[in-house]
Amino acid sequence: MNYIEPHGHMVSRTTDDYERMAIAGCQAICEPAFWAGFDRASADGFYDYFRQITEYEPKRAARFGIQHYSWLCINPKEAEDMKLAEDVIALIPQFLDMPGVLGIGEIGLNKNSRNELHIFEQHVQLAQDHDQLVLIHTPHLEDKLKGTRLIVDSLKNFPRINPSRVIIDHVEEHTIDHVLDHGFWAGITLYPESKCTPHRAIDMLEHRHAERIWMNSACDWGISDPLAVPKTMQAMRQRGWTPEMIQRVAWENPRAFMGQCPKFKL
């Protein structure tokens with residue numbers, strides 16, 4: 001059964017991962033800009049990184065018949081250095097017309113600091129000015145609910161940001177209702193540490209009738225699984241989900257959200 005991986009950091013993965021994902025039915029991978037595994041020293045490092053995910057990573061994916069898309073930002077882990085963050089944000093507009101760029105992301109909060117929130121709002125302003133989709137990272141564990149509320153409250157200050165064009169990722173049981181009830185899309189991250197297991201994800205999908213939700217692996221440099229989505233699809237089968245129901249979450253939902261950008265063709 002075909003699926004879309006809507007959030008994977010493929011620069012951190014091997015070519016073998018692309019092959020395994022293709023064999024499992026992956027048709028498209030969307031790569032949000034994120035942390036490099038270390039804090040970068042200058043905006044020049046981000047310029048090269050943006051070239052990597054907009055020019056070179058799509059070629060690597062294409063070898064296996066997979067379409068590759070990307071999102072651009074400076075991630076919240078590096079947003080404490082506001083001068084660096086502002087320099088990076090100034091680079092982004094020149095990449096927005098690249099064929100595979102879907103929008104601004106993954107922006108958000110890491111430790112819910114004042115500097116992070118300021119840089120988050122600069123990103124949202126950029127998205128509003130350029131009519132871009134937005135993908136948002138929510139903090140880990142005990143800071144997640146507070147950070148999610150800060151994000152939702154901040155977004156209310158941007159009148160031209162349509163909630164249906166914003167996905168708030170890494171939701172869990174205590175945040176998913178807050179996100180969906182405010183009209184945003186929600187992303188469930190299938191991560192073996194610090195995020196969500198397949199069965200918890202399926203519980204949330206059933207609770208919300210798979211409404212405006214996608215699921216992703218967010219595979220990166222940490223302990224993560226690029227096949228988390230198809231493995232969860234198998235768990236859905238074992239829970240009695242029909243092929244049509246599974247396809248809605250693994251294919252139709254991410255296609256509907258990202259299809260709001262005319263560059264997404266699948």
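Trainee: How much space lies in the largest cavity?
Mentor: About 30 Å³. A cavity here is a set of points on a 1 Å grid over the protein atoms alone, where a 1.4 Å probe fits but cannot get out. Points are joined across faces, edges and corners, and the volume is the space filled by probe spheres set on them. This is a predicted model, with local features needing pLDDT of at least 70, side-chain atom pairs pLDDT 80 or more, and totals for chains, interfaces and linings using all residues. Numbering runs from 1 along each chain as its sequence is written, and side-chain values use heavy atoms, without hydrogens or water.

Trainee: And how many cavities of 30 Å³ or more are there?
Mentor: The count is one.

Trainee: Which element gives the most to the lining of the largest one?
Mentor: α4, with four residues. Among the lining residues are Ile119, Phe120 and His123, where lining means having an atom within 4 Å of a point. Helices are DSSP runs of H or I, at least four residues, numbered from the N terminus.

Trainee: New topic: which residues touch the most other members in the largest nonpolar core?
Mentor: Phe50 and Ile136 are among them, in a core of 73 residues. Such a core joins buried (under 20% relative accessible area, 1.4 Å probe, protein chains only) Ala, Val, Leu, Ile, Met, Phe, Trp, Tyr and Cys through side-chain atoms within 4.5 Å. Helix α2 (residues 43-62) gives the largest share, six residues.

Trainee: What does Phe50 touch?
Mentor: Leaving out residues up to four places away in sequence, Phe50 touches Ala33, Leu72, Cys73, Val88, Ile92 and Phe95, with contact meaning heavy atoms within 4.5 Å.

Key: Buried means under 20% relative accessible area, exposed over 50%, partly exposed in between (1.4 Å probe, protein chains only). Helices (H or I, at least four residues) and strands (E, at least two) are DSSP runs, numbered from the N terminus. On a 1 Å grid over the protein atoms alone, a cavity is a set of points where a 1.4 Å probe fits but cannot get out, and a pocket is an open set with protein on both sides within 12 Å along at least five of seven lines; lining residues have an atom within 4 Å of a point.
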